[in-house]
Amino acid sequence: MILRKWTAVGLSGLLAALVAGLAATQAAADQPEQDAPPPRVDMVLDVSGSMAERDMRDGRSRMAAAQQAFNEVIDAVPEEVHLGIRTLGATYPGDDVEVGCQDSEQLYPVGPVDRTEAKTAVATLRPTGWTPIGLALRGADEDLGDGPGTRRIVLITDGEDSCGQPDPCDVARELAANGTHLVVDTLGLTLDDAVREQLSCIAEATGGTYTAVQDTDELSDRLTQLVRRADLPVENPTAVEGAPECQDAPRLGVGVYTDRQEFTQHRWYRVPVAPGQELRASVSVAADRAVNPDYGVLLRAVDEDGQELVRGTGAGTGRTDVVSTGLRYPVAEEEEEEREEQQENGGDGNGGEVRVICLDVANSYSAPDAVQRAPGLPIELTVDVVAAPDAPSDVAAFGLARGWVPLLLLTGAGLVAGLLFGLAVRLGIVLGRS
């Protein structure tokens, strides 16, 4: 549920927590790097005519509450954060849709904050025009620039986009697909299902948050969560492009990777694993748009000859945001005799050759015809390689009982057991008749 009646103090605190949390998180993540670029935040404020509504708990208008919130954020923003402000619907009061849907401007450029100048700019705003959210998101992306470092947009609005094109959800997916680690957090100021759905869609597409608050206790809890989250280091995943076949796949090391995958598409990646090590991999596929209710995700480990080694699956039905699955695969140490044979043949006998494991990511998502297919669904792949356990639960995976001899022994034992069982049954029938 969207907040029924936002208070100016509540909105101020939430915006301050988002900006301050971003600074603390970035400082923790980039502490070893002295020259790391500063985190950048662009606050996007709806200044459309509906912001004049006076339905705040203290009797203020939505605009007055937002202005007070912005002033408090400007006062509290850390020196290391580069902050900017963009507006939508702030200048054109007329009825011409073409003009109104181009009404988005940079009010204060992203950079070190002159608090007096920024607050003066905010104080001049009056509820005026339309709500071109999609256009404003593209403008905010340009405001932040395309250099390295954390990039975040905080969108504050009391209504859904009133222009239709560009669609805000499609814009958010485009921005996420650019691989620039842009996150959009959204805040809604009215009790409206359409607004909630659109703002949630924008946030989900970029890995951001949509905040819903009903009362003071919930607001306090949410602020506490944001503060705690600020203490966690942030790792920006590495953008990578999987291949249609294993032999063309990118070679990955330990890390977190992001990619895009179309419906029912296979994406391949390669990971080197040495003898005595265990590959651990997991994948998450996010439904950042409307999809049909039944879906699944598959992660397979395959050797370079195309033989499947192990798989993990995840499936569901109904509405969900992310489906995940994972797998583990240990690579056996070479046996002593094999190491000796390696040495005799001129090798070093230090554990054998590194194996290349192919990872296949596939999904069974589908969607109604009206749903946009591109860009593909966002996927996140985590790869880790650790020392293999001494006592494996899957003995065969470690190479024990390999070759034709164990197979023949097992087959022979099964045949003998079957003959003995058949003989015992027949003997029991004969004795029962006598």
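**View 1. Parallel pairing of strands S4 and S5 in the predicted model.** In this predicted model, strand S4, which covers residues 151-157, pairs with strand S5, residues 182-188, in the parallel sense over 7 bridges. Within this pairing, Val154 has Asp185 of S5 as its bridge partner. Both strands belong to an open sheet of 6 strands, whose order is S3-S2-S1-S4-S5-S6 and whose pairing is mixed. The edges of the sheet are formed by strand S3 (104-111) and strand S6 (210-211), each of which pairs on one side only.

View 2. Helix H2, made up of residues 62-76, lies across strand S1 (40-46), strand S2 (82-88) and S4, and runs at about 165° to S1.

**View 3. Packing of helices H6 and H7.** Helix H6 (residues 168-177) packs with helix H7 (residues 193-206) at an angle of about 10°, and the two axes are 8 Å apart. H6 and H7 are therefore roughly parallel to each other. On the H6 side the contact is made by Pro168, Cys169, Ala172, Arg173 and Ala176, while H7 contributes Gln198, Cys201, Ile202, Ala205 and Thr206. Sorted by class, the residues of this contact comprise 7 nonpolar, 2 polar and 1 charged.

View 4. Strand S8, residues 255-261, is mostly covered, with 6 of its 7 residues buried. Strand S7 (residues 238-239) pairs with S8 in the parallel sense over 2 bridges, and the bridge partner of Thr238 in S8 is Tyr257. S8 is also joined by 7 bridges to strand S15 (residues 377-387), and these two strands run antiparallel. Gln261 stands opposite Leu377 in S15.

View 5. The protein chain contains 10 helices and 15 strands, and buried residues make up 44% of its 434 residues. Among the contacts of the chain with a separation of 6 or more, 75% are accounted for by residues 24 or more positions apart. The average pLDDT of the chain is 77, and 73% of the residues score at least 70. Over residues 1-9 the pLDDT stays under 50, and the model has 36 contacts for this stretch beyond four places in sequence. The pLDDT is likewise below 50 over residues 213-233, a stretch with 27 contacts in the model beyond near neighbours in sequence.

Note on methods:
Residues are numbered from 1 along each chain as its sequence is written. This is a predicted model: local features need pLDDT of at least 70, side-chain atom pairs count only at pLDDT 80 or more; totals for chains, interfaces and linings use all residues. Side-chain values use heavy atoms; hydrogens and water are left out. pLDDT is the predictor's confidence in each residue, from 0 to 100. Contact means heavy atoms within 4.5 Å. Axes are lines fitted to C-alpha atoms, for helices over the stretch in contact, and angles run from 0 to 180 degrees between N-to-C directions. Helices (H or I, at least four residues) and strands (E, at least two) are DSSP runs, numbered from the N terminus. Angles under 35 degrees count as roughly parallel, over 145 as roughly antiparallel, 65 to 115 as roughly perpendicular and the rest as oblique. Ala, Val, Leu, Ile, Met, Phe, Trp, Tyr, Cys and Pro count as nonpolar, Asp, Glu, Lys and Arg as charged, and the others, Gly among them, as polar. Two strands pair if DSSP finds at least two bridges between them. Buried means under 20% relative accessible area, exposed over 50%, partly exposed in between (1.4 Å probe, protein chains only).
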